[in-house]
Amino acid sequence: MREDLEILKRSLIRADPDAGVAAAQRLVDAGVDPKAILEEGMAVAMFELGEMWKRGEVFLPEVVASAEVFKRCNAVVEPVLLAQKDENTEPNALVVLATVKGDLHDLGKNMVGAMLRTSGFDVHDMGKDVSADKIVAAIQEMRPQIVGLSALLTTTVPYQETVIKRLVQEGLRDQVKVMVGGAPVTPEWAEKIQADGYANNAPEAVEVARKLVGLAQ
Amino acid sequence: MFERENAPKVLTDEQVEIVHEQAMRILEEIGTEVLHERARKLLAEAGQKVDGDRVRWDRAFVMEQVAKAPARFRLRARNPERSLTVGDGTRVWMNVGGPPFASDLDAGRRSGTMADHDTIVKLTQATDVLNCVQAGAVEATDLEVAVRHMDMEYSALRWSDKPYVTYGTSGPRARDGLRMAEIAQGGSFGDDTVLMGVVNPNSPLIWDFRMTDALLAWAEANQAIIVTPFLLAGATAPVSVAAGLAQQAAEALSGVALAQLVREGAPCLYGSFFTATDMRTGSPAFGTPESVFGVLAGAQLARRYGLPYRGGGGLASSNAVDAQAAAETQMMLWATLLAGTDVVLHAAGWLEGGLTASLEKFALDVELLHQFTIQARGIGFSPEELAFEALAETGPGGLFLASPHTMAHFKEWLYMSPLFQTPDFATWETAGAESTAQRANAAWKKLLESYQDPGLDPAVDEELRAYMDRRRQDPPEPED
């Protein structure tokens, strides 16, 4: 088991999908606790990868590729975990992400999504050019803990405020934490529009999200 | 030394044709999405294969359309003495455009304001090395987003009489800019070209609604369209330079073809804005070898297609006016000048990958451009400059410092930069060890003090303001 857990971790860090999925499958088949596979294997590997990125030892394409491998390994482990869960088990926190209406730039949002996924969050990515109506509907339907609003253009940043105002009007503001980001966005802007969180970059976004849902750093 | 005939060739003639062939293949086999119904209709009527939003472009059609765009055109300024010809070898240089932040050593980095915008326009008007102004010099984030495009346009029209690049980032904004240009030109500009607008496809291979709508508005009015794909190798384009050049050609030429379909002969520029993604951060990296190749190769391709060329600029990724900023800017400006670039956006003031308009960087860039202007004049070869007699007079072992020949000419012939100085170490230290950025701080303030209001006919001014007031009552949707 130890050996396969190590192979799984290495495969995630090296973004080797075949070896990763095979190791995850062997662990599941051997009856290893899926929670242990996730927490002692996959989460540890992704945390290490994040630290390596901060130290400049790996590059963005490698992180994104590892996030894809994480998704595939998770598809093997998660069904077993869900089957074992009882009513009292807390699901992962859900983050809904959107690049706001009028904006077609989603590189930053995609980076944040990849990093959140590898940090134990469930992510529903609504894509780009997303209207307040659609965001409201998604929140009503999916009940996420966090909604993340991205904007790159100076002309679309104000739409983050539009969305927050709509959430107030719809009586949803208390039910969801709002994070904002994007190159022209500032902490002052986030404060002005009464967002709950702002991050400068993707790793910081994960830290802010963890704080917002009350997870330990 | 910066004439286009002397431009270095980073592509062989064969490689230019390889890029062209791949660009045509991209347009024919992959095509582009065109998210604008009227544009798709026009293209379908012109025989292009339209399947949903996807348009597959016929190469003969594209090249036929591109051939209709003029190789040069007159850009009329509201002050006729400032008018320029684009594409005849004139170097059209202007201030930075688009940053959400402004910065200077006194007030630090902050969200851009209308006051910052006015300052940059005035600095651009005040300096001789910039012959064009760009509206949107820094985003006026203190004004309402739905209407501030007009305030920034007004700033360029009111505080400068140089020709300009309009703000228009969408159809409604482009049309406001056109109406304001009409007013500024005394009610009508007829078929004259009085502004240039920038359109960027949403790379890879998407013509989105807003940019396409602006392109159509400008083409209909016979205004110049700078078609510039923003390609980041490894993010919005494949990771290799060769592939990026082909994608750039495909995207740029499809935009030019569409513009010609709307109005034959509408001025169009081949735009290049190609650089690498820094894979450590995901940010664009300027001044890199890839961006230098992008500028030089883009110029060769523009010439291949007979179009005026927009490329390069004083681009830097650095967060401060420091050695990195200086080195990146030098790399970019040398390439820009050597390429024989016709139109250079962001020639002065660009910092932090374009997120910040820096006033010290503006002063630094103006100084570099000034030196390039002197280099562009070439080496003087009059008998007085060959100076055989001066050498004979001073003779072997002599000193020229106070010779009559030196005394007569040194002030005119030797360039002494006001910004870059050469005191000995002790003198420099005693005087406060001033940095280049600190000198640049004094330089932009001095330039601003020298600004002279070009004036604007009060009736025109009133009409511009009245137009803006009317539009404020019924503004376009902010995100349109």
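Student: How many bridges join E13(B) to strand E15 of chain B?
Tutor: Three bridges join E13(B) to strand E15 (residues 268-271) of chain B, and the two run parallel. Strands here are DSSP runs of E with at least two residues, helices are runs of H or I with at least four, and both are numbered from the N terminus. Two strands pair if DSSP finds at least two bridges between them.

Student: Before we go on, what kind of model is this?
Tutor: This is a predicted model: local features need pLDDT of at least 70, side-chain atom pairs count only at pLDDT 80 or more, and totals for chains, interfaces and linings use all residues. Residues are numbered from 1 along each chain as its sequence is written, while chains are lettered from A and ligands numbered from 1 in the order in which they are written.

Student: And which residue is the partner of B:Ile225 in E15(B)?
Tutor: B:Cys268 is its bridge partner there.

Student: What does E13(B) pair with over four bridges?
Tutor: Strand E11 (residues 195-199) of chain B, again in the parallel sense. B:Val199 has B:Val227 as its bridge partner in E13(B).

Student: Are the faces of E13(B) covered or open?
Tutor: Both faces of E13(B), residues 224-227, are covered. B:Ala224 and B:Ile226 are buried on one side, B:Ile225 and B:Val227 on the other. Buried takes 20 or more other C-beta atoms within 10 Å of the residue's own; exposed is 12 or fewer, partly exposed is in between, and C-beta atoms are placed from the backbone.

Student: What is the order of the open four-stranded sheet in chain B?
Tutor: E8-E7-E21-E20, with mixed pairing.

Student: Which strands stand at the edges?
Tutor: Strand E8 (108-111) and strand E20 (350-351) of chain B. Each has a single partner strand, so one side of each is left without a neighbour in the sheet.

Student: How do E7(B) and E21(B) pair?
Tutor: E7 (residues 101-104) and E21 (residues 356-358) of chain B pair in the parallel sense over three bridges.

Student: Which helix lies across E7, E20 and E21 of chain B?
Tutor: Helix H11 (residues 359-376) of chain B, at about 60° to E21(B). Axes are lines fitted to C-alpha atoms, for helices over the stretch in contact, and angles run from 0 to 180 degrees between N-to-C directions.

Student: Over to chain A. What is the strand order in its five-stranded open sheet?
Tutor: E2-E1-E3-E4-E5, with parallel pairing. Strand E2 (122-125) and strand E5 (197-198) of chain A are at the edges with a single partner strand each, so one side of each lacks a neighbour in the sheet. Strand E4 (residues 177-181) of chain A is joined to E5(A) by two bridges.

Student: How is chain A divided?
Tutor: Into domain 1 (2-84) and domain 2 (94-212); the bounds come from an automatic or database domain assignment. Their centres, taken over C-alpha atoms, are 27 Å apart. The contact takes ten residues from domain 1 of chain A and six residues from domain 2 of chain A. Contact means C-beta atoms, placed from the backbone, within 7 Å.

Student: Which element gives the largest share on the domain 1 side?
Tutor: H4(A), with six residues.

Student: And how many residues touch between the chains?
Tutor: 16 residues of chain B are in contact with 17 residues of chain A.

Student: Last one: what does the model score?
Tutor: ipTM 0.80 and pTM 0.92.

Note on methods. Two residues are in contact if their C-beta atoms, placed from the backbone, lie within 7 Å.
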